[in-house]
Amino acid sequence: MKIQVKSIFNKACLLLSIGILSISCTSNTDDMLVETSSSIDIKTATNIESKVSYSDATIAARYAPVFYQDVDTTDGWCSNQSKSGSADWITAVDYDGDWNTKNNWDNMVSGRDSGKLVPYVYYYVTYTETHFFILYSVYHPRDWTDVPFLCSLDSHENDMEAALVTAKRNTNGSYGAIIDIQTIFHTEVLDYARNEVTIESAGRVQFFIEAKGHGIRAFSDSKGTDSSYIKYYYNAAQAVTPDKDSNNLPQDVNYNLLPLESTLWLQRNNPLTVTGKALVGDNGDGSNKASTPWGWENGVLCKNPAQYLKDKYNWTSFSTDYISDTPIQ
Ligand SMILES: [Ca+2]
Ligand SMILES: [Ca+2]
Ligand SMILES: [Ca+2]
Ligand SMILES: [Ca+2]
(Lines give C-alpha, C1' and ligand atoms only; values in the text may rest on other atoms or scores of the structure.)
(Ligands and ions follow the chains in the order given, each with its own letter.)
Protein backbone atom coordinates (compact mmCIF):
# COMPACT_ATOMS: atom_id res chain seq x y z
CA MET A 1 0.00 0.00 0.00
CA LYS A 2 1.28 3.40 -0.93
CA ILE A 3 0.53 6.52 1.06
CA GLN A 4 0.59 9.87 -0.62
CA VAL A 5 0.29 13.04 1.35
CA LYS A 6 -0.77 16.38 0.13
CA SER A 7 -2.72 19.39 1.20
CA ILE A 8 -6.46 19.18 0.83
CA PHE A 9 -6.68 22.83 0.12
CA ASN A 10 -4.25 23.26 -2.74
CA LYS A 11 -5.52 25.73 -5.22
CA ALA A 12 -7.45 24.20 -8.03
CA CYS A 13 -7.40 25.64 -11.47
CA LEU A 14 -10.22 24.34 -13.51
CA LEU A 15 -10.77 25.72 -16.94
CA LEU A 16 -14.10 24.84 -18.40
CA SER A 17 -14.95 25.26 -22.00
CA ILE A 18 -17.93 23.92 -23.79
CA GLY A 19 -17.91 20.15 -23.60
CA ILE A 20 -14.26 20.01 -22.66
CA LEU A 21 -12.81 19.95 -19.15
CA SER A 22 -9.22 21.07 -19.16
CA ILE A 23 -7.30 20.57 -15.93
CA SER A 24 -4.05 22.38 -15.43
CA CYS A 25 -2.80 22.44 -11.87
CA THR A 26 0.48 23.31 -10.24
CA SER A 27 1.53 23.55 -6.65
CA ASN A 28 4.42 24.92 -4.68
CA THR A 29 4.45 21.84 -2.47
CA ASP A 30 6.72 18.90 -3.17
CA ASP A 31 4.11 16.38 -2.18
CA MET A 32 1.52 17.42 -4.72
CA LEU A 33 -0.06 14.36 -6.23
CA VAL A 34 -2.11 15.71 -9.06
CA GLU A 35 0.06 17.82 -11.29
CA THR A 36 -1.18 17.27 -14.74
CA SER A 37 -2.21 18.99 -17.86
CA SER A 38 -4.60 17.06 -19.93
CA SER A 39 -7.73 17.43 -21.88
CA ILE A 40 -10.60 15.15 -21.07
CA ASP A 41 -13.64 14.72 -23.20
CA ILE A 42 -16.60 14.64 -20.84
CA LYS A 43 -19.28 14.91 -23.48
CA THR A 44 -22.04 12.46 -22.93
CA ALA A 45 -21.18 9.65 -25.26
CA THR A 46 -23.73 8.28 -27.63
CA ASN A 47 -23.84 4.89 -29.29
CA ILE A 48 -22.17 3.22 -26.33
CA GLU A 49 -23.00 -0.44 -26.60
CA SER A 50 -23.07 -1.10 -22.89
CA LYS A 51 -25.53 1.50 -21.69
CA VAL A 52 -26.03 1.59 -17.94
CA SER A 53 -29.58 0.78 -16.96
CA TYR A 54 -29.11 1.27 -13.21
CA SER A 55 -29.86 4.45 -11.32
CA ASP A 56 -27.05 6.10 -9.37
CA ALA A 57 -28.85 5.18 -6.16
CA THR A 58 -28.98 1.53 -7.16
CA ILE A 59 -25.28 1.48 -8.00
CA ALA A 60 -24.41 3.15 -4.69
CA ALA A 61 -26.57 0.66 -2.79
CA ARG A 62 -24.99 -2.28 -4.63
CA TYR A 63 -21.49 -1.43 -3.37
CA ALA A 64 -22.44 0.33 -0.11
CA PRO A 65 -19.65 -0.48 2.37
CA VAL A 66 -19.64 -1.69 5.94
CA PHE A 67 -18.16 0.85 8.35
CA TYR A 68 -16.67 -0.24 11.65
CA GLN A 69 -16.83 3.02 13.56
CA ASP A 70 -14.57 3.03 16.59
CA VAL A 71 -16.23 4.88 19.47
CA ASP A 72 -14.50 6.57 22.37
CA THR A 73 -16.91 7.19 25.20
CA THR A 74 -14.59 9.14 27.48
CA ASP A 75 -13.37 12.71 27.34
CA GLY A 76 -9.98 11.99 28.89
CA TRP A 77 -8.43 15.30 29.83
CA CYS A 78 -10.80 17.26 27.63
CA SER A 79 -14.31 18.07 28.75
CA ASN A 80 -17.48 18.23 26.73
CA GLN A 81 -16.13 16.47 23.64
CA SER A 82 -17.10 12.77 23.39
CA LYS A 83 -20.57 13.16 24.89
CA SER A 84 -20.75 9.47 25.77
CA GLY A 85 -19.58 8.47 22.34
CA SER A 86 -22.08 10.38 20.23
CA ALA A 87 -19.27 12.56 18.84
CA ASP A 88 -18.33 9.47 16.82
CA TRP A 89 -21.78 8.93 15.30
CA ILE A 90 -22.18 9.24 11.55
CA THR A 91 -24.95 11.58 10.43
CA ALA A 92 -26.08 14.10 7.81
CA VAL A 93 -24.67 17.62 7.52
CA ASP A 94 -28.16 19.08 8.03
CA TYR A 95 -29.08 16.65 10.83
CA ASP A 96 -30.34 19.55 12.95
CA GLY A 97 -32.77 20.71 10.30
CA ASP A 98 -30.78 23.61 8.85
CA TRP A 99 -27.86 24.17 6.48
CA ASN A 100 -26.01 26.35 8.96
CA THR A 101 -22.93 24.23 9.74
CA LYS A 102 -21.61 26.70 12.32
CA ASN A 103 -24.07 25.36 14.88
CA ASN A 104 -23.40 21.66 14.25
CA TRP A 105 -20.83 21.13 17.01
CA ASP A 106 -23.17 22.96 19.37
CA ASN A 107 -26.38 21.15 18.39
CA MET A 108 -24.91 17.66 18.58
CA VAL A 109 -26.02 16.84 22.12
CA SER A 110 -29.58 18.09 21.69
CA GLY A 111 -29.61 16.35 18.32
CA ARG A 112 -28.58 13.12 19.98
CA ASP A 113 -31.18 13.46 22.70
CA SER A 114 -33.96 14.24 20.25
CA GLY A 115 -33.10 11.39 17.88
CA LYS A 116 -31.82 13.57 15.04
CA LEU A 117 -28.41 11.95 14.61
CA VAL A 118 -29.73 9.47 12.05
CA PRO A 119 -26.90 7.81 10.13
CA TYR A 120 -26.48 8.84 6.50
CA VAL A 121 -23.62 8.48 4.04
CA TYR A 122 -23.37 10.66 0.94
CA TYR A 123 -22.79 8.96 -2.40
CA TYR A 124 -21.66 10.33 -5.73
CA VAL A 125 -21.71 7.93 -8.68
CA THR A 126 -19.94 8.34 -12.00
CA TYR A 127 -19.06 5.75 -14.61
CA THR A 128 -17.19 5.37 -17.83
CA GLU A 129 -17.44 2.76 -20.55
CA THR A 130 -15.32 0.45 -18.39
CA HIS A 131 -15.77 1.25 -14.67
CA PHE A 132 -18.07 2.44 -11.89
CA PHE A 133 -16.80 5.00 -9.35
CA ILE A 134 -18.69 5.52 -6.12
CA LEU A 135 -17.51 8.13 -3.64
CA TYR A 136 -18.95 7.52 -0.17
CA SER A 137 -18.53 10.61 2.04
CA VAL A 138 -18.97 10.25 5.79
CA TYR A 139 -19.82 13.20 8.04
CA HIS A 140 -19.52 13.78 11.79
CA PRO A 141 -20.44 17.05 13.54
CA ARG A 142 -17.22 16.99 15.57
CA ASP A 143 -13.56 16.16 14.97
CA TRP A 144 -12.36 15.90 18.54
CA THR A 145 -9.57 14.78 20.83
CA ASP A 146 -8.97 13.75 24.42
CA VAL A 147 -5.25 14.53 24.42
CA PRO A 148 -4.21 16.83 27.27
CA PHE A 149 -3.39 20.39 26.20
CA LEU A 150 -4.70 19.75 22.68
CA CYS A 151 -8.40 19.84 23.57
CA SER A 152 -8.97 22.96 21.50
CA LEU A 153 -5.87 22.81 19.31
CA ASP A 154 -6.74 19.42 17.80
CA SER A 155 -10.50 19.62 17.44
CA HIS A 156 -12.79 21.35 15.01
CA GLU A 157 -16.43 21.68 14.01
CA ASN A 158 -17.61 19.44 11.15
CA ASP A 159 -15.65 16.50 9.79
CA MET A 160 -15.83 14.85 6.38
CA GLU A 161 -13.83 11.79 5.32
CA ALA A 162 -14.51 9.33 2.50
CA ALA A 163 -13.90 6.17 0.52
CA LEU A 164 -13.83 5.84 -3.26
CA VAL A 165 -14.83 2.40 -4.55
CA THR A 166 -13.95 1.52 -8.15
CA ALA A 167 -15.53 -1.52 -9.80
CA LYS A 168 -15.40 -2.96 -13.28
CA ARG A 169 -18.39 -2.89 -15.54
CA ASN A 170 -19.00 -6.21 -17.14
CA THR A 171 -19.14 -6.27 -20.95
CA ASN A 172 -22.92 -6.10 -20.80
CA GLY A 173 -22.60 -3.08 -18.50
CA SER A 174 -23.61 -4.91 -15.34
CA TYR A 175 -21.90 -4.85 -11.95
CA GLY A 176 -18.36 -6.20 -11.92
CA ALA A 177 -15.66 -6.82 -9.38
CA ILE A 178 -14.20 -4.12 -7.18
CA ILE A 179 -10.65 -3.36 -8.35
CA ASP A 180 -9.48 -0.43 -6.24
CA ILE A 181 -10.16 1.49 -3.05
CA GLN A 182 -9.02 4.99 -2.08
CA THR A 183 -9.75 6.39 1.36
CA ILE A 184 -9.48 9.86 2.85
CA PHE A 185 -7.50 9.68 6.07
CA HIS A 186 -7.26 13.31 7.18
CA THR A 187 -4.83 14.93 4.74
CA GLU A 188 -3.65 11.61 3.33
CA VAL A 189 -5.13 9.38 0.67
CA LEU A 190 -4.68 5.67 1.40
CA ASP A 191 -4.96 3.27 -1.52
CA TYR A 192 -5.73 -0.41 -1.68
CA ALA A 193 -5.90 -3.02 -4.38
CA ARG A 194 -8.72 -5.56 -4.36
CA ASN A 195 -6.66 -8.16 -2.51
CA GLU A 196 -5.76 -5.71 0.26
CA VAL A 197 -9.31 -5.23 1.54
CA THR A 198 -11.94 -7.50 3.06
CA ILE A 199 -15.12 -7.72 1.01
CA GLU A 200 -18.17 -9.34 2.58
CA SER A 201 -20.15 -11.90 0.64
CA ALA A 202 -22.68 -9.28 -0.42
CA GLY A 203 -19.87 -7.39 -2.15
CA ARG A 204 -19.41 -4.78 0.57
CA VAL A 205 -15.95 -3.53 1.51
CA GLN A 206 -15.20 -3.36 5.23
CA PHE A 207 -13.82 -0.02 6.39
CA PHE A 208 -12.54 1.16 9.74
CA ILE A 209 -13.24 4.69 10.94
CA GLU A 210 -11.18 6.05 13.80
CA ALA A 211 -12.78 7.50 16.88
CA LYS A 212 -12.25 11.28 17.33
CA GLY A 213 -10.51 12.18 14.04
CA HIS A 214 -12.60 9.83 11.88
CA GLY A 215 -9.96 9.06 9.26
CA ILE A 216 -11.00 6.07 7.15
CA ARG A 217 -8.88 3.05 6.24
CA ALA A 218 -9.54 -0.50 5.15
CA PHE A 219 -10.58 -2.64 8.10
CA SER A 220 -7.88 -5.10 7.05
CA ASP A 221 -5.37 -2.25 7.40
CA SER A 222 -6.45 -1.35 10.94
CA LYS A 223 -5.67 -2.71 14.37
CA GLY A 224 -9.29 -3.81 14.54
CA THR A 225 -11.77 -2.70 17.13
CA ASP A 226 -11.91 -2.76 20.87
CA SER A 227 -15.30 -3.55 22.38
CA SER A 228 -16.71 -0.06 21.93
CA TYR A 229 -17.66 0.43 18.31
CA ILE A 230 -20.66 0.71 16.01
CA LYS A 231 -20.94 -1.48 12.94
CA TYR A 232 -22.80 0.58 10.34
CA TYR A 233 -24.49 -1.48 7.66
CA TYR A 234 -26.44 -0.16 4.71
CA ASN A 235 -30.19 -0.71 4.95
CA ALA A 236 -32.36 1.95 3.39
CA ALA A 237 -35.49 0.87 5.19
CA GLN A 238 -34.16 0.83 8.72
CA ALA A 239 -31.73 3.69 9.32
CA VAL A 240 -32.14 4.64 12.97
CA THR A 241 -30.05 6.55 15.45
CA PRO A 242 -27.76 4.50 17.73
CA ASP A 243 -28.61 3.85 21.36
CA LYS A 244 -26.95 6.63 23.36
CA ASP A 245 -26.31 4.31 26.32
CA SER A 246 -22.54 4.12 26.16
CA ASN A 247 -22.69 0.75 27.91
CA ASN A 248 -24.61 -0.62 24.94
CA LEU A 249 -21.57 -1.18 22.75
CA PRO A 250 -20.79 -2.68 20.36
CA GLN A 251 -23.96 -1.98 18.38
CA ASP A 252 -25.10 -2.90 14.89
CA VAL A 253 -26.73 0.13 13.29
CA ASN A 254 -28.15 0.59 9.80
CA TYR A 255 -27.36 3.62 7.67
CA ASN A 256 -29.04 5.12 4.65
CA LEU A 257 -27.59 6.80 1.59
CA LEU A 258 -28.06 10.37 0.37
CA PRO A 259 -27.21 11.66 -3.12
CA LEU A 260 -24.45 14.24 -2.73
CA GLU A 261 -25.46 16.09 -5.87
CA SER A 262 -28.97 16.90 -4.67
CA THR A 263 -28.08 17.64 -1.04
CA LEU A 264 -24.78 19.16 0.11
CA TRP A 265 -23.62 20.07 -3.43
CA LEU A 266 -26.69 22.32 -3.80
CA GLN A 267 -25.44 24.31 -0.78
CA ARG A 268 -22.02 25.03 -2.33
CA ASN A 269 -22.87 28.72 -2.71
CA ASN A 270 -24.68 28.98 0.63
CA PRO A 271 -22.40 31.10 2.87
CA LEU A 272 -23.87 29.43 5.98
CA THR A 273 -22.64 26.02 4.78
CA VAL A 274 -19.61 26.32 2.52
CA THR A 275 -16.73 28.74 2.20
CA GLY A 276 -14.21 27.99 -0.51
CA LYS A 277 -14.00 24.17 -0.48
CA ALA A 278 -14.63 23.91 3.30
CA LEU A 279 -17.62 23.55 5.59
CA VAL A 280 -18.26 26.63 7.69
CA GLY A 281 -17.37 26.05 11.34
CA ASP A 282 -15.96 27.91 14.32
CA ASN A 283 -15.29 25.55 17.25
CA GLY A 284 -11.86 24.32 18.30
CA ASP A 285 -8.78 25.09 16.27
CA GLY A 286 -9.84 27.90 13.99
CA SER A 287 -12.54 28.22 11.41
CA ASN A 288 -13.69 26.14 8.46
CA LYS A 289 -11.39 23.14 9.02
CA ALA A 290 -13.44 20.39 7.34
CA SER A 291 -13.22 19.79 3.61
CA THR A 292 -16.17 19.25 1.34
CA PRO A 293 -16.05 16.13 -0.86
CA TRP A 294 -15.14 18.32 -3.84
CA GLY A 295 -12.20 19.76 -1.93
CA TRP A 296 -9.99 16.67 -1.70
CA GLU A 297 -7.16 16.31 -4.19
CA ASN A 298 -8.00 19.61 -5.86
CA GLY A 299 -11.47 18.22 -6.39
CA VAL A 300 -10.28 15.60 -8.86
CA LEU A 301 -11.01 12.59 -6.61
CA CYS A 302 -14.69 13.55 -6.59
CA LYS A 303 -15.14 15.28 -9.92
CA ASN A 304 -12.98 13.14 -12.14
CA PRO A 305 -12.10 9.86 -10.43
CA ALA A 306 -11.20 8.11 -13.68
CA GLN A 307 -8.51 10.66 -14.47
CA TYR A 308 -7.35 10.64 -10.85
CA LEU A 309 -6.73 6.89 -10.98
CA LYS A 310 -5.33 6.97 -14.51
CA ASP A 311 -2.77 9.56 -13.48
CA LYS A 312 -1.91 7.59 -10.36
CA TYR A 313 -1.53 4.13 -11.90
CA ASN A 314 -1.16 4.55 -15.67
CA TRP A 315 -3.77 1.85 -16.17
CA THR A 316 -4.48 0.69 -19.68
CA SER A 317 -7.87 -0.63 -20.81
CA PHE A 318 -9.27 2.03 -18.52
CA SER A 319 -11.58 4.61 -19.99
CA THR A 320 -11.72 8.23 -18.87
CA ASP A 321 -14.77 8.94 -21.03
CA TYR A 322 -17.80 9.28 -18.80
CA ILE A 323 -21.15 8.02 -19.95
CA SER A 324 -22.78 9.01 -16.65
CA ASP A 325 -23.93 12.52 -16.11
CA THR A 326 -21.34 14.53 -14.18
CA PRO A 327 -23.35 17.15 -12.28
CA ILE A 328 -20.60 17.99 -9.80
CA GLN A 329 -18.25 20.15 -11.86
CA1 LIG B 1 -26.78 23.08 11.55
CA1 LIG C 1 -20.12 26.25 16.16
CA1 LIG D 1 -11.35 14.23 10.56
CA1 LIG E 1 -13.62 1.99 21.03
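The chat below goes through a predicted model of a protein chain, from its overall make-up to a few of its residues.

Visitor: Before we start, how are residues and chains labelled, and what pLDDT do local features need?
Guide: Residues are numbered from 1 along each chain as its sequence is written, while chains are lettered from A and ligands numbered from 1 in the order in which they are written. Because this is a predicted model, local features need pLDDT of at least 70 and side-chain atom pairs count only at pLDDT 80 or more, whereas totals for chains, interfaces and linings use all residues.

Visitor: OK, how many helices and strands are there in the chain?
Guide: The chain has four helices and 17 strands, where helices (H or I, at least four residues) and strands (E, at least two) are DSSP runs numbered from the N terminus.

Visitor: And what share of the residues is buried?
Guide: Of the 329 residues in the chain, 43% are buried; a residue is buried if 20 or more other C-beta atoms, placed from the backbone, lie within 10 Å of its own, exposed if 12 or fewer, and partly exposed in between.

Visitor: Why does Tyr 124 count as buried?
Guide: Tyr 124 counts as buried because it has 26 C-beta neighbours inside 10 Å, and this residue is found in strand 6, residues 120-127.

Visitor: Which residues does Tyr 124 touch?
Guide: Leaving out residues up to four places away in sequence, Tyr 124 touches Leu 135, Leu 260, Glu 261, Pro 293, Cys 302 and Ile 328, a contact being two C-beta atoms, placed from the backbone, within 7 Å.

Visitor: How far is Tyr 124 from Lys 303 in space?
Guide: From C-alpha to C-alpha, Tyr 124 and Lys 303 are 9.2 Å apart, although 179 residues separate them in sequence.

Visitor: Switching to sheets, what does strand 13 pair with?
Guide: Strand 13 (residues 229-234) pairs with strand 5 (residues 66-70) in the antiparallel sense over four bridges, and five bridges join strand 13 to strand 14 (residues 251-259) in a parallel arrangement. Two strands pair if DSSP finds at least two bridges between them.

Visitor: Which residues stand opposite each other there?
Guide: Gln 69 stands opposite Ile 230 in strand 13, and Tyr 232 stands opposite Val 253 in strand 14.
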